[in-house]
Every structure is written in C-alpha cells, then in structure tokens.
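Subject: Structure for your study

Dear colleague,

Please find the structure below, handed over for your study. Kindly look through it before reading the notes that come after it.

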Amino acid sequence: LLAQSARTVLAQEPPSGTLLVVVRSADGPVASADVQAGGAKAVTGADGTVSLRLPAGRIDVIVTRDGFDPAAAPVDVPAGSDARLDIAMVPQSEIAETVIVSATRTERRIEDEPLRVEVVPEEEVQEKIVMTPGDVSMLLAETNGLRVQTTSPALGGASVRIQGLNGRYTQVLADGLPLYGGQSGSASILQIPPMDLAQVEVIKGVASALYGMSAIGGVVNLVSRRPRAGAPEREVLLNQTSHRGTDAALWIAQSLDDRWGVSLLGGTHFQNRSDLDDDGWTDLPMYRRLQARPRVYWDNGSGRSILMALGAMSEQRRGGTMMGATAPDGAPHPENLDTTRFDGGLVGRFLIPGGRVLAVRASSMTQRHEHTFGSVTEGTRSRTWFGETSLTGTSGRHTWVGGAALQRDAFSSPEVPRFDYTHTVPGVFGQDDYAVTPRLTLSASGRLDVHSEFGTFFSPKLSALLRPGANLTFRVSGGRGHFAPVPFTEETEAAGLSPLAPLGALEPEHGDSLAGDVTWSRAPLEITTTLFYSRIENALTYRELEAGPYAARIVNAGQPTETRGTEFIARFHEDELDVILTHMFVWSTEAGEAGDGQREVPLNPRHTASLDILWRFGSSQLGIETFYTGTQALEDNPYRTRGRAYVLFGFLFMHRVGPALLYVNTENLGDVRQTKDDPLLRPAPLRDGRWSVDAWAPLDGRTLNAGLRFRF
C-alpha cells in the first residue's frame, strides 16, 4: 500500500497554468520571435502570440528576435487558470553598437547603467584624430557637456570643465588609472595623443564614490585600443598645419598568439611659435614633444586578462615675448615650460570560482616641470602611486562591487618648498546595483577615505534607471564628494607659485551634485535632455593682495559655488548619414571678489551649441561642423567685462585610396580670433606677474591641416 501511494503521488503533475505571451512592436505584432520561459520554448505566430503551459509561480520570460533588442519580464502564473503577458520589443538600435562601459566598474552595456555615462565611440575618435593628431583637446571639446578652457594663454595650457565646474575638479584616467597624476595639470590635456584610443567615457558630476577625492567634478576615462585577432595593425600618420605644426605618429598592434598581444604608440609633435597680431607677444606657443607608450595584453579567453602599460614623454614649450621683443615695461618676459613624465600601470581581471571577478589596478607616475615666468624659474616634481583591488559578483538581482584602494600623491619644489606635501589616502568602497524589475534598476555606492592630513571622508552616490516604455529611459543620480586643498588653481597655472602666500589653515572642499535625464529613441533618432545642479562648499579661491611680500593667497570662499544648467543632444543615424545637434545652458555663480555676495563665474558661456554632419559616400567622407559660443563673464580684463558671442565653422574631407587615407580639415573658417577685438597683452602686468588676459575666444584663428594615414 505504501509503495502504491508513493507511485500515485509521484505520478501527479505539479500545479500549473497557461500563459499567453503577446509580443508586439510599434509597427504591430512580432512574428517568429523566440519565447523562453523556464524550460519551455516556443515561437510566436503571425499574430505575435504564443501559449505556454507552465508551472505555477513566478517565472522570467525572455523574448528574442533578429532585428530587435532582447526583451524580458517576470510574470506570476496562477495554478489552474490563465495569465497574459504583453511584451514590447524595440528595433535594434542603428545609432550605436553594443557599447561596454568600464568607468563604472561593472563592465555592462551603456544602456543598462543606472549612472549616465557619455561615451565617444571609436568611430568618432577616429574622426577627431585627423583634426588634432597631437592631443585630445578637440576630442574632448566637441563632447557634449565638456569645455576645454585655456588656462595659460602664453603656453597654450588648458583644462577640461565638466558642466561648468572648474577644470581642477576633473579626474583624467587612462584605462581607469591616474597615469597623468592624482590631479591632472592643465598642460597634460595637450600632451595626450588620441591615436591609440578605442573610446572615451565621461561621468559628469561627483564621482568620488567610484574614484576617490580627485573627482568631485567628474571623470574622463580614456580607453585604449586592443590588438585584434588576425593580421597585425600597422599605421603611420603624417600631418601638417597652416600654423607650422607637424605631427608624425606610429601605431602598431599585433596578437602574438591566442593569448598574448602587444601594441606601441610613438609620436613626435612640433609647432613653431606665432605672433598673429604682430605685437611682440606669442599667440601660439612653440612646442617640441616626443612620446612613446608600449602595452602588453594577456587574455586566456576564460575570464582572465592583464593589461600592462608604460609611458614616457618629453616636451618643451616656449611662449611670452617673441625673440628680440619686449613687454610694455621694456623688458623681455619669456614663459617656458619643460616637462618630463614617466608612468606605468597594470590592470588585471580574473574570473574566480562562484562566477566572481577579482580586479587589480596599480600605477605609478613621476613628472618633472621646469617653469619660467619672466625672470623667475620654478622646478617642480610630482609623483603619484596608486593601487586597488576589488571583487565583483552577482547575487540574484544584485550586482555588487567591494574593494580597497591606496593612493599617495607627493609634490616638491626647491624654489617654493613652502608648498611641498605628501598625501596618503587609503580607502574602502562598495557598490550595489539592484534590478528591482526588468524596467527599474537602483544603484547605491559609497566610499570611505582616510586622508593623512585632513581626516576621514565619506562619499555616497545614488542612481536610478527607469525604462517605462519601449522608447523611453529615465535616469537620476546624486552624490557627494570631497577635495583636499592643494596650491593648484587656474591662476597658479599662469602665474606660478612664487607670488603665492603660504596656504595656511584651509578647509577641504565639499561637492554635491544632482542630475536627471530622459532619453527617447526610435531608430534612426535618439534625443536626450539633461538637468543638472552642483554645489561646492569651501571652494578654494585665488585672492589678489594689494600689499605685502606676496601677490595673492588661496582662501576658502565664504559663499558656495553653484552651477545649474541643461544639456540637449539629438543624434540621427541612417545608412551613411550622421547628424548630431547639441545645446548646453550653464548658469554658475561663486563668491564675489571681496569674499561676500555672489558673482557669475568667469569664462563659463551661458549658451553653447553645435551641429555636426558626417556623410559617407563610396570611399569618401565629408564632415561639416558649426559651433556657437555665447557671451561669458571675464575677470581682470582691462578691455571688456564680457566676451562677445561667436560662431565657428569647419569642414573635413577624407578619402581612402587602398591602404591610405587622405584628409583635409579646416577649423574656424570665419577666422574668429580674440586678438582681432582686443590685445592679448595687458598694458601692465597684474601684481602676480601675469601679462596675458584670459582667453575667451580662439587665439589661432583660421586653421588648415592636411595629412595621410597609411596602413601597412
């Protein structure tokens, strides 16, 4: 009797129900779609429906079909009755291929990231290479939400402002490593060649929860190209500009076997100095630069990989008064900068039992500057050591990351030893992405840093991703970060540290940011609108002194710096035509010159806009660009208080002949130039020795460059 009862129980089927799956797109029913639910599989009919007999309970349904993005949704199947599930499918995007983002640590598709990441894909990177082969300034300047601001007109130094924030708050990384220092100097942007880049990832707003205390404005991560399987890649670029500039670069990448690969980027870049308005003052500096970056890659094809990189760069820059000329005071005033930098880094990812990923990152950088400001010479040395280990895994609907990091930054100068420092910052961090439903993902991250001089800081970050429909995506994120006081500002880049009083007792800066965006996409069009707000408390401010042994000092502002604005970007891609339209509005205020009240932050145009058209036909490509820059407040300018608005036009033509790509590029066809309106040189220097006014418009005017990229 017991045996018979057992056989009867085992023969009974578990409770089940019937599920009707209805698959539709904006154009109607989707036929021949593959539907998978539990262990059951079926294909939709001409009416886009399929009926499945499934065990009762909660089941995930996955639908795939060629030409559409995969779709998934959970459903509760009731026992002994029917249920219905409607699934909307979206045509596979023609605007962007699958883009994997590494800047957020989880290595996921960009459309699945709760935190918005702006990505410049390889196609656009390759286009910008022929515009400025020597540096990434053009590539970053034409990225929505970013502005490359000249900080030292005499030497051409520049910083990257993200959504209107000061450039010193931007952390520039290479493959996630601080190879350009813990706080990138303005000249480094002009010393990074773009030829070996696969893509550029930009996180806007406070990113301290991910990258520590140097990223309260945002992060720019430069991702390198990897060797491809098969034939080696060898490419030479030769470029000449109308301002007597020459670029020569070599890129080699080769797979040694199914695991090992190597690459090498080498280049030399030259430009003669120019005085376009014949006033004896350099408008475009002279530079001579040599650099090389070899990399070694290892990937076993089973989730374990290592990237090792070395870098070396040497550059000379010459500006200030032209040879034989003098400043208005009758004396020559040269401004020179010699730079030597060596760096090395390692990135390792290892798949370990349990499906978890152990990641290791480490780097070291040392940089020497020899800076001349008239009769004053400053030699400085900066060093950064960095190490980090983290573990990534999944648990149900959670994707989590936890780890620890250590960074050490040191600065020394024999001429200005009062600013020497060594900061050691160990930290621990964690992040959890929770997929509440297939349409809603929440992300929370936090980091605890212990600064050797300024104490302990906690940096949180919260983000959410909502996809309410097939064509709509909403994101919102907010965070808080911190920034330790250092003597580097945009003013000290131009004037040096010698005129600056000792730092004294300064409080760390605290930054908060909040942003939300909505994206609507339906091939061939994608539109994104963003609202953003940021607030910097205890912002370090450069204050000029009227008397005493020093010309200026750095103080904590009594009023916060607040920035708010909007971004708009529309992309159209169909067949061989790409059109990108952007607009950005920024309203930024800070403490007034007297330390109280509020004023508009200088050099932040309220409105900027661009239109970029690229048309491919046969073996050729034609690009047309238009950029609008609105008025902006100016500071310490004896000629005007606001810079006037201007429009720049340019075009690019490329034509491929076998292994050779020939190109001609023009920038600023209308020859807009600041020195057509006002001199760059002041009638008399400021007390800190600065002769140049700030650059609020192009200094180079119309520029033509042409060249050849040859693959062999």
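This is a predicted model: local features need pLDDT of at least 70, side-chain atom pairs count only at pLDDT 80 or more; totals for chains, interfaces and linings use all residues.

Residues are numbered from 1 along each chain as its sequence is written, and side-chain values use heavy atoms, without hydrogens and water.

The second largest pocket has a volume of about 740 Å³. A pocket here is an open set of points on a 1 Å grid over the protein atoms alone, where a 1.4 Å probe fits, with protein on both sides within 12 Å along at least five of seven lines; lining residues have an atom within 4 Å of a point. The volume is the space filled by probe spheres set on the points, which are joined across faces, edges and corners. Of its 41 lining residues, Asn 166, Glu 491, Glu 590, Arg 599 and Glu 635 are the closest to the centre. Strand E32 gives the largest share of the lining, five residues; strands (E, at least two residues) are DSSP runs numbered from the N terminus.

Strands E20 (residues 286–299) and E21 (residues 304–320) pair in the antiparallel sense over twelve bridges; pairing requires that DSSP finds at least two bridges between two strands. Gln 291 has Met 313 in E21 as its bridge partner. E21 also pairs with E22 (residues 334–352), in the antiparallel sense over 17 bridges, and Arg 317 stands opposite Leu 337 in E22.

Yours sincerely

Methods
Helices (H or I, at least four residues) and strands (E, at least two) are DSSP runs, numbered from the N terminus.
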